[in-house]
Amino acid sequence: MAFVAFGSQAPAQEQKPTKTGRVALILLLPGLFYLALFFITPLISLIITSLKQASASGVIGRYDYGFELGNYAYAVSQYAPQIFRSFSFALLATIIALAISYPIAYFIGVKARDKPLLQGILLTLVVAPFFISFLLRTFAWKQIFSNDSFIVNLLKNIGVFGADSYIIGTNFAVVFGLVYNFIPFMTLPIYANLDRLDIRLLEAGSDLYASPAKTFQKVTLPLSLPGVISGTLLTFIPISGDYVVASRDFLGGPDTAMIGNVVEANFLRIQDYPTASALSVMLMATIVLLVSAYVKRSGTEDLL
Amino acid sequence: MAIDFVARGQDLELKGIRKEFPGFVAVDNLDLHIPAGEFFALLGPSGCGKTTTLRMIAGLESPTAGKILLGGKDVTDMKPHERPVNTVFQNYALFPHMSVLENVAFGIRRRKLDEPLTKAQQALAMVELEHLAQRKPQQLSGGQQQRVALARALVNRPSLLLLDEPLGALDLKLRRQMQIELKAIQMEVGLTFLHVTHDQEEAMDMADTVAVMNQGHIEQMGAPEALYDRPKTAFVAKFLGQSNIFIGKVTESNAETTSIDFNGKKITGLTKRSEKTSGKIAIGVRPEKTHFHETEPKADPALNILGPGEITDIRFTGVSNQYQIDIPGVGEITVFAQNVGRSPVVELGAKVFVSWKVEHSFGLADLPNGAEETD
């Protein structure tokens with residue numbers, strides 16, 4: 001019947017714990033064990049490491065247990081530009097990815113709905129990049145944008161670029177790479193949402209004097225918000241911690257390092273484990289804060 | 001937006017409307033005129049093109065050929081949001097992310113009129129739902145959602161209100177109640193209503209004029225009483241109520257009566273109630289106009305008498321009983337007899353005769369499906 005059409009959005013009935021509740025708990029145990037072992041333990045280890053102090057022995061890469069909050073102050077003072085850059089890049093890349101992904105998702109989910117073949121082909125194209133390694137794809141862009149590449153030469157020949165201009169190592173190259181790599185993560189959740197959009201609601205909008213643009217603004221967009229939020233979260237969070245694209249081995253340069261690159265350098269090259277850990281903890285805390293504020297503002301707490 | 005709102009009903013005219021979908025023709029050369037302020041029902045089985053017709057009037061589909069005029073103005077090429085027409089959709093199509101009040105205010109806000117919320121409150125009061133204004137649509141029952149959909153359309157005072165089977169999802173009791181309310185609201189606001197339905201009782205109960213639609217064209221149009229009393233085609237006779245239909249060659253036709261030979265029996269109707277008076281024709285009669293007798297009635301030129309036959313089925317429907325009578329050489333005849341305590345006591349298997357007055361016969365313009373039109 002028609003009035004249960006939106007039944008899925010009705011508040012779920014509260015269930016009292018029963019015998020089946022105990023069974024559910026037992027079934028949950030392996031998962032809880034996994035989380036404890038592979039999430040909680042490393043997290044605690046990370047926090048402990050972030051508070052360690054330099055070893056009395058003076059050996060590089062050796063640290064003693066302690067409560068050195070100064071590690072955090074040091075990390076912030078030393079790497080403030082990279083921290084700021086990480087979140088700026090993440091925000092910018094998320095916005096660009098959203099601007100590109102929404103129309104794609106709308107076309108696949110709404111316009112191509114009665115053409116299953118086209119829909120299938122387009123979805124495959126969106127997912128296709130996953131068939132090739134993330135590293136290889138990013139490396140391919142390094143080739144495409146490299147200093148003697150066709151694109152750079154063309155830009156030089158038509159006069160857009162000066163003789164000593166380049167792309168690799170610029171903010172543009174890094175943001176471009178981030179957007180490119182994360183577009184599927186933005187497109188798929190929005191598509192999944194728009195695919196369920198009831199076309200009859202759009203007809204009702206136009207029947208009630210709303211132009212197509214107004215109908216989009218008042219009906220389509222608000223109804224697709226859960227998809228947009230999932231997409232932006234799936235994009236923003238991993239980009240904030242990404243260390244591949246902005247790395248000098250790929251599309252980055254000396255002035256594009258993000259937190260991920262700094263953490264990597266501190267852990268693997270300088271062996272300054274406490275600073276690297278402090279940065280990781282701060283990155284995680286900041287993301288949790290930003291994301292909860294964002295989700296609360298958009299009124300979709302049930303996503304968390 | 002230059003929408004021409006008149007705050008009262010306008011007449012609707014369809015001229016030679018045709019709609020083709022890949023592979024089939026949904027509506028074929030449809031002409032229709034609905035006077036302003038009328039409650040008009042488009043009645044037909046599913047797939048007859050009635051919903052397509054309604055969607056073309058709303059602007060949600062564009063006709064392959066033909067013109068749509070509203071108040072004399074050609075709206076054929078207008079976008080749906082530019083037409084002073086509102087629809088109550090079959091599934092209601094309420095916006096799930098808005099409160100009931102915002103749903104109703106939606107059209108007023110788009111037209112940038114003053115006091116959208118006050119007007120929406122008034123419309124909700126009209127359908128007696130003002131106390132639920134802040135709820136979300138999915139928190140309402142089916143009947144309540146239906147009223148919200150009605151208020152959301154009516155608040156705009158459209159020249160023409162389209163109703164697309166809006167009562168289809170309601171249970172019988174609620175449906176009857178909503179029919180009465182809908183009719184009362186239509187009389188009160190004086191708008192032109194176009195109601196699309198497959199429920200013949202609903203159409204006859206509510207509409208001033210009923211058009212019976214079949215396979216993309218209108219079979220017959222008129223007041224419900226006239227349509228029921230004198231269906232002109234076999235489709236109307238069978239779709240609008242029930243009918244007993246007899247096919248035979250005309251044996252005799254004068255100014256008064258026309259008779260056919262039906263498997264050796266003579267069946268007579270009035271000539272003025274016959275669409276055709278020569279060749280092979282079909283004569284029908286409504287089951288409630290027929291009576292049965294335990295003894296053979298005296299032959300009377302004003303009566304058609306068939307029988308004897310055997311009662312093969314009795315169905316109790318409350319106000320009446322439906323009898324199936326199998327007459328050898330004639331076939332099955334349906335008779336309705338009211339339960340007023342005076343009907344003859346008959347049992348399954350009883351031998352009875354069936355009679356009806358000649359003036360209750362109606363002669364059809366065509367033959368029912370399956371009956372070959374040969375001389």
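Biologist: Where is B:Tyr92 placed?
Modeller: B:Tyr92 is in the loop between strand S6 (85-88) and helix H2 (100-110) of chain B. Helices here are DSSP runs of H or I with at least four residues, strands are runs of E with at least two, and both are numbered from the N terminus. This is a predicted model, where local features need pLDDT of at least 70, side-chain atom pairs count only at pLDDT 80 or more, and totals for chains, interfaces and linings use all residues. Residues are numbered from 1 along each chain as its sequence is written, while chains are lettered from A and ligands numbered from 1 in the order in which they are written.

Biologist: Is B:Tyr92 buried or exposed?
Modeller: B:Tyr92 counts as buried because it has 26 C-beta neighbours inside 10 Å. The cut-offs are 20 or more other C-beta atoms within 10 Å of its own for buried, 12 or fewer for exposed, and partly exposed in between, with C-beta atoms placed from the backbone.

Biologist: What about B:Asn263, where is that found?
Modeller: In the loop between strand S12 (257-262) and strand S13 (265-270) of chain B. B:Asn263 is not a glycine either, yet has a positive phi of about 50 degrees. B:Asn263 counts as partly exposed, because it has 14 C-beta neighbours inside 10 Å.

Biologist: Switching to sheets. What is the strand order in the open sheet of four strands in chain B?
Modeller: S2-S1-S4-S5, with antiparallel pairing. Two strands pair if DSSP finds at least two bridges between them. The edge strands are S2 (24-34) and S5 (73-74) of chain B, each pairing on one side only.

Biologist: How many bridges join S1 to S4 of chain B?
Modeller: Five, between S1 (residues 12-21) and S4 (residues 65-70), which run antiparallel. B:Leu14 stands opposite B:Ile68 in S4(B), and B:Glu13 has B:Leu69 as its bridge partner there.

Biologist: Which residue is the partner of B:Leu69 in S5(B)?
Modeller: B:Asp74. S4(B) and S5(B) run antiparallel and are joined by two bridges. Their hairpin has two residues between the strands, and B:Gly71 takes a positive phi near 60 degrees in it.

Biologist: Now chain A. How many helices and strands does it come to?
Modeller: 10 helices and two strands. Along the sequence the pattern is α-β-β-α-α-α-α-α-α-α-α-α. The C-alpha trace of chain A spans about 75 × 70 × 35 Å along its principal axes, and 30% of the 304 residues count as buried.

Biologist: At what angle do H2 and H6 of chain A cross?
Modeller: Roughly 40 degrees, with the axes of H2 (residues 70-111) and H6 (residues 171-194) coming within 7 Å. Axes are lines fitted to C-alpha atoms, for helices over the stretch in contact, and angles run from 0 to 180 degrees between N-to-C directions. That makes H2(A) oblique to H6(A); under 35 degrees would count as roughly parallel, over 145 as roughly antiparallel, 65 to 115 as roughly perpendicular, and the rest is oblique.
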